[in-house]
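Subject: Structure handover

Hello,

Below is the structure I said I would pass on. My notes on it follow.

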Amino acid sequence: MALRGGTRFSVPFEAVFPHGAVFVPDSIAEAQDFNEVTRQRTPAKDKVTGQRVWQCRVMDMDPELGSRSREVAIKILADHQPVPPVGPFERVEFEGLNVTPYVGSNGRLAFSYRATGLVAPKTLAESRGKAA
C-alpha cells in the first residue's frame, strides 16, 4: 500500500512528547504562505480543513536529547489566534495532534506537527482517570 504525500496521522500527545513540552514565550504567530509569482505573503490556510494556521514553538523535555536542539514547531489550526493557557516556560499539551512525515531538504526523515488546540497539561489524577 502506498501513502500519498502529506498524509496525516493522528497521534497521542504522550507519544510525541513522553517527557512533556514547555511553551516558548511570545512564539504564537500566524503562519504565512508565500506566492512565488506575486512575491506576496498571505495568511496560511490548512489545505484539508480550510482553517487558519498558527504556529508556536515548544521545547521537548526529553532528557535523551542532551545538547541537541529541543525546539519543535507546532502548527495549530484555529479560526482565531490561540492563547497559551499558562505562563512562559510552563508545560503545555496539544489536542488533536497529527504528524505528517516527509523527507527534508537534507534527505532525512522529518515530521510536521499540527494540532487543534493548545491546553494546560492534565493533572496526574486526570491522566489516571482517562486510563481507567
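Ile74 is in contact (heavy atoms within 4.5 Å) with Phe17, Trp54, Gln55, Cys56, Val58, Phe94, Tyr113 and Ala115, leaving aside its neighbours within four places in sequence.

This is a predicted model, in which local features need pLDDT of at least 70 and side-chain atom pairs count only at pLDDT 80 or more, while totals for chains, interfaces and linings use all residues. Residues are numbered from 1 along each chain as its sequence is written, and side-chain values use heavy atoms, with hydrogens and water left out.

The core

A nonpolar core is a set of buried Ala, Val, Leu, Ile, Met, Phe, Trp, Tyr and Cys residues joined through side-chain atoms within 4.5 Å. Buried means under 20% relative accessible area, exposed over 50%, and partly exposed in between (1.4 Å probe, protein chains only). The largest nonpolar core has 21 residues, of which Phe17, Val58, Ile74 and Phe94 touch the most other members. At least two residues of this core come from each of helix 1 (13-16), strand 2, strand 6 (53-60), strand 7 (71-77), strand 8 (91-95) and strand 10 (109-115). Helices (H or I, at least four residues) and strands (E, at least two) are DSSP runs, numbered from the N terminus.

Ser27

Ser27 sits in the loop between strand 2 (21-23) and strand 3 (29-30). Its relative accessibility is 6%, so Ser27 counts as buried. The Ser27 side chain reaches the backbone oxygen of Val24 at 2.7 Å. Apart from neighbours within four places in sequence, Ser27 is in contact with Gln55, Cys56 and Arg57.

Salt bridges

Side chains of opposite charge can pair when their charged atoms come close. A salt bridge here is a side-chain nitrogen of Lys or Arg within 4 Å of a carboxyl oxygen of Asp or Glu. The structure holds five salt bridges.

- Glu30 and Arg52 meet in one through their side chains (2.8 Å, N to O). This pair links distant parts of the chain, with Glu30 in strand 3 and Arg52 in the loop between strand 5 (40-43) and strand 6, 22 residues apart. Glu30 is partly exposed at 25% relative accessibility, and Arg52 is partly exposed at 28%.
- Arg57 pairs with Glu71, the closest N and O atoms being 2.9 Å apart. Arg57 is in strand 6 and Glu71 in strand 7, 14 residues apart.

Regards

Key. Polar contact = N/O pair within 3.5 Å; in protein donor to acceptor, adjacent residues only side chain to side chain.
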